[in-house]
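This report describes selected backbone, sheet and helix features of one structure. Please consult the sequence and coordinates shown here alongside the text.

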Amino acid sequence: MGEVIVITSGKGGVGKTTTTANLGVGLALAQKKVVLIDADIGLRNLDVVMGLENRIVYDLVDVVEGRCRVKQALIRDKRYDNLFLLPAAQTRDKNAVSPEQMKKLCEELKQEFDFVLVDCPAGIEQGFRNAIAGADRALIVTTPEVSAVRDADRIIGLLEAAEIKSFRLVINRLRPEMVKRGDMLDIDDILEILAIELIGVIPDDEKIIISTNRGEQVVTNANDSPAGKAYLNIAQRLLGETVPFLDLYQNQSFFSRLKRLIGLGG
Amino acid sequence: MNKYAVEFKGTKEGVTIYCLEGADFTEILSDLAAKLRQRASFFGDAEVSIDLGNRELTEEEREALITTVTKNSRLRLKSIHSSQEKAPAITSAKRQGEMEDLSLDGFKEGRALVIKRTLRSGQYIRYPGHVIVLGDVNPGAEIAADGDIYVFGTLRGIAHAGANGDRTASVVALRLAPTQLRIADVISRAPDHDDLPDQPEYAYVQDLRILIAAITAKQNT
Ligand SMILES: Nc1ncnc2c1ncn2[C@@H]1O[C@H](COP(=O)(O)OP(=O)(O)OP(=O)(O)O)[C@@H](O)[C@H]1O
Ligand SMILES: [Mg+2]
């Protein structure tokens with residue numbers, strides 16, 4: 001049986017959809033059977049990021065309202081046979097789905113897939129409740145900004161209250177040169193507040209914007225995109241492998257400090 | 001005669017005899033002798049120490065105490081000490097069941113809520129007593145307690161002690177860096193620099209202002 005991982009953040013626009021798409025592809029590259037659920041009903045865009053918009057016939061709401069079977073609504077990825085998307089409805093709102101329905105859906109998909117990744121909407125209301133309902137684990141995405149970290153903290157509190165015990169942090173859009181100048185929160189600062197385990201740090205990378213506009217993911221070009229490499233590493237860590245953190249700083253002492261903090265060797 | 005001049009307590013290490021506050025020395029000797037005789041067979045030859053509470057003994061009194069023990073029991077006397085040296089003062093207070101006989105400086109009583117985790121943004125605790133957090137209080141989290149607030153971690157959120165109007169309440173944290181502090185009706189906000197203190201501090205009200213001081217070994221909050 002597979003596992004359900006929700007990608008969530010609280011604050012909007014920090015990279016949940018980008019992370020869901022890249023980890024989906026990263027896990028598919030590792031030969032896992034993966035389905036991505038776009039739980040951002042009314043504001044769907046995982047389909048656009050995946051370049052699958054023109055293939056949508058049925059959506060999540062159709063499935064939970066019984067207008068089609070789950071299988072019929074799943075869209076197979078263009079490049080990877082073992083990667084699927086369950087798109088959100090664009091013309092409905094978040095109240096069209098209940099947490100119970102989401103839970104049932106996740107249970108069903110988990111029977112067949114190794115990974116069910118749920119792209120959560122921003123906020124802490126109904127859409128969030130739905131997205132986490134069937135989750136076994138959570139990835140919390142934040143950027144190195146005080147407001148994003150604050151929202152991530154709120155989300156962690158809500159996940160704890162919802163009895164989701166396993167969660168790890170993705171720090172997205174880090175700009176090492178800004179951190180060095182003292183103009184951006186440092187990884188240590190973020191971890192000190194949130195006090196949860198880090199699963200990866202994604203640098204700010206313009207290739208992300210270029211490739212998502214094409215419906216492609218940077219993770220497929222890990223060799224010439226630092227963000228792609230970072231996503232590939234996270235996918236491997238999700239698979240239980242120990243992968244050293246990228247040296248975004250070209251600075252050994254910083255990273256040995258970081259590793260000690262999150263308990264990875266040395 | 002005071003019937004309760006001494007009390008016995010058995011521990012893994014042996015027996016401790018407490019000389020209660022307020023009893024005079026002759027009462028202690030007679031009560032001790034009586035109780036030792038009663039319990040001689042029960043205690044056998046266990047090790048015993050005598051806790052004098054706050055009292056000071058003359059050499060003569062000390063001798064008398066030792067003689068009383070050896071004459072009335074087979075207990076092996078290990079030490080005679082005063083509370084200040086060893087047992088916490090609260091022991092004698094508890095033993096008498098009433099705090100009034102003791103200097104109450106630095107004592108505070110009341111019910112408490114113990115929170116064994118970090119409070120995160122958006123989480124709010126209201127409690128009609130003391131609140132003790134074994135963890136951090138993150139920015140955006142808030143505690144309001146009618147009593148004191150103790151944070152064994154970093155306090156970055158909002159803490160309101162003495163929330164029902166008690167200006168003698170205080171806020172203590174290993175690292176005190178709150179967004180805002182309130183004690184009773186007195187409010188202060190964080191200074192605009194963000195250096196974390198490197199030692200435990202407490203906040204209290206004096207002259208209608210909240211003051212912050214490092215916690216030192218000897219203090220009365
Ligand atoms: N590491 C990165 N480097 C550069 N741009 C990025 C990075 N991560 C995300 N972006 C860009 O930031 C924008 C927002 O990302 P994304 O849509 O993934 O966020 P989101 O959290 O899903 O937003 P929403 O809350 O609206 O669902 C996108 O334009 C995306 O291309
Ligand atoms: Mg999104």
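In strand S2 of chain B, Tyr18(B) is the bridge partner of Glu7(B). S1(B) and S2(B), the latter covering residues 14-19, pair in the antiparallel sense over six bridges; two strands pair if DSSP finds at least two bridges between them. Strands and helices are DSSP runs (E, at least two residues, for strands; H or I, at least four, for helices), numbered from the N terminus.

The model is predicted, and local features need pLDDT of at least 70, side-chain atom pairs count only at pLDDT 80 or more, and totals for chains, interfaces and linings use all residues. Residues are numbered from 1 along each chain as its sequence is written, chains are lettered from A and ligands numbered from 1 in the order in which they are written, and side-chain values use heavy atoms, with hydrogens and water left out.

The pairing of S1(B) with S2(B) belongs to an open sheet of four strands in chain B, with the order S1-S2-S3-S4 and mixed pairing. Its edge strands, each pairing on one side only, are S1(B) (6-11) and S4(B) (76-81). Neighbouring strands of the sheet are turned by 20° against each other on average, direction ignored.

Axes are lines fitted to C-alpha atoms, for helices over the stretch in contact (heavy atoms within 4.5 Å), and angles run from 0 to 180 degrees between N-to-C directions.

| Helix | Lies across | Angle |
|---|---|---|
| H1(B), residues 25-43 | S1(B) and S2(B) | about 35° to S1(B) |
| H2(B), residues 59-72 | S3(B) (47-51) and S4(B) | about 150° to S4(B) |

In chain A, the axes of helix H1 (residues 16-29) and helix H11 (residues 226-238) come within 9 Å and cross at roughly 65°. Residues of H1(A), including Leu23(A) and Leu27(A), meet residues of H11(A), among them Tyr231(A) and Ile234(A). By class, this contact of H1(A) with H11(A) has eight nonpolar residues (Ala, Val, Leu, Ile, Met, Phe, Trp, Tyr, Cys and Pro), no charged ones (Asp, Glu, Lys and Arg) and four polar ones (the others, Gly among them).

Arg173(A), with phi of about 65°, is found in strand S7(A) (residues 166-174). Arg173(A) is partly exposed at a relative accessible area of 37% (between 20% and 50%, with a 1.4 Å probe and protein chains only). Leu208(B) also has a phi of about 65°, and its place is the loop between strand S14(B) (201-206) and strand S15(B) (209-214). With 52% relative accessibility, Leu208(B) counts as exposed (over 50%).
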